[in-house]
Number of protein chains: 2
Amino acid sequence: MNKGVEWAVHACALLAPLGAGRGLSLAALADYHGVPLPYMAKQMQLLSKAGIVRTSRGHTGGYALARPPQEISLWDIKQAVDGSAPAFRCTEIRQKGPCAVPRADCRAPCAIAAAFSRAENAYRDLLRAIRLSDILSDVTGEGNAQHMLGMLRWYEANVTVLPEKKPKAPAS
Amino acid sequence: MNKGVEWAVHACALLAPLGAGRGLSLAALADYHGVPLPYMAKQMQLLSKAGIVRTSRGHTGGYALARPPQEISLWDIKQAVDGSAPAFRCTEIRQKGPCAVPRADCRAPCAIAAAFSRAENAYRDLLRAIRLSDILSDVTGEGNAQHMLGMLRWYEANVTVLPEKKPKAPAS
Ligand code: FES
Ligand code: FES
């Protein structure tokens with residue numbers, strides 16, 4: 001799995017308490033997580049492309065969640081960063097070799113591919129059931145009161161307000 | 001995921017009906033699946049290292065299952081070929097940056113890492129519950145009667161008998 005998934009989920013968790021329209025600059029997001037700016041930028045672009053965050057002024061602008069935290073699952077974020085291809089890829093090996101199964105008999109997936117696909121569905125369903133709002137207090141509230149105070153001060157110094165999205169002009 | 005997993009599971013499924021001590025040469029395994037011999041060899045070596053198959057004469061010799069098919073799960077095979085590292089790797093990003101959580105407060109895993117770990121456990125448990133014996137008839141019996149007959153002939157021409165494992169001489 002792309003190691004950017006960890007950064008992306010943490011970035012979303014950091015944005016989650018801010019409320020509609022309030023966000024953080026790319027520099028603040030990278031700084032908070034102690035990761036190089038270009039790496040953070042890559043994840044934020046992928047999150048933006050997937051409609052999970054919105055940005056006000058290109059990739060150096062501020063980022064805010066595009067939906068409420070209870071409507072963003074860990075699966076959404078994982079998929080945005082890591083892609084949606086299944087981990088197990090069946091190359092239809094059963095159709096090769098001296099005893100190849102005829103193509104016409106291969107309409108249903110092979111029992112092996114079907115088993116891996118069931119396992120991946122169980123994985124996906126579990127991550128889909130966990131929303132940003134579920135992990136929020138654990139992630140931002142962990143540590144002691146002093147840490148909490150430090151975070152609040154950091155938020156105060158860094159949170160920006162993104163301009164409202166202009167409603168699109170109706171096509172004439 | 002390593003694409004060798006598909007070949008490895010299919011190879012084990014092909015060995016599964018043979019009964020104790022009966023096996024197939026590496027050349028036969030590669031030929032049956034229409035994959036290059038060195039690629040097949042790599043998977044068989046990994047399966048051998050994990051104790052899932054045994055071999056009689058090095059990597060060019062015959063391979064047989066080392067345990068009955070009902071004692072080999074898809075998870076065993078996946079893990080043998082793909083390794084056992086978790087897909088999600090937590091780099092403890094929470095301990096970095098200006099609001100780093102103190103190390104002493106990080107004894108429990110981060111809520112994000114814990115969520116991914118629960119999902120991977122669900123994936124693992126599902127693959128662990130599926131044994132070679134469960135998928136056997138689906139894999140070898142798929143296709144029509146003609147295909148089945150072709151397979152039986154192929155088995156007849158290729159199955160080899162592996163010498164019994166000699167019991168180790170007791171340490172003196
Ligand atoms: S043919 Fe792809 S897993 Fe069986
Ligand atoms: S610190 Fe690694 S996932 Fe949270």
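Q: How much area do chain A and chain B bury between them?
A: Chain A and chain B bury about 4400 Å² between them, with 74% of it on carbon and sulfur atoms. Buried area is the accessible area (1.4 Å probe) that two parts lose on being put together, summed over both. This is a predicted model, in which local features need pLDDT of at least 70 and side-chain atom pairs count only at pLDDT 80 or more, while totals for chains, interfaces and linings use all residues. Residues are numbered from 1 along each chain as its sequence is written, chains are lettered from A, and side-chain values use heavy atoms, with hydrogens and water left out.

Q: Which element of chain A gives the most to the side that touches chain B?
A: Helix H5 (111-128) of chain A gives the most, with eleven residues. Helices (H or I, at least four residues) and strands (E, at least two) are DSSP runs, numbered from the N terminus.

Q: And how many salt bridges are there between chain A and chain B?
A: The count is zero, where a salt bridge is a side-chain nitrogen of Lys or Arg within 4 Å of a carboxyl oxygen of Asp or Glu.

Q: Turning to the strands, which way do E1(A) and E3(A) run?
A: Strand E1 (residues 22-25) and E3(A) run antiparallel, joined by two bridges; strands pair if DSSP finds at least two bridges between them. Ser25(A) stands opposite Gly62(A) in E3(A).

Q: What about E2(A) and E3(A)?
A: Three bridges join strand E2 (residues 53-55) to E3(A), and these also run antiparallel. Thr55(A) is opposite Tyr63(A).
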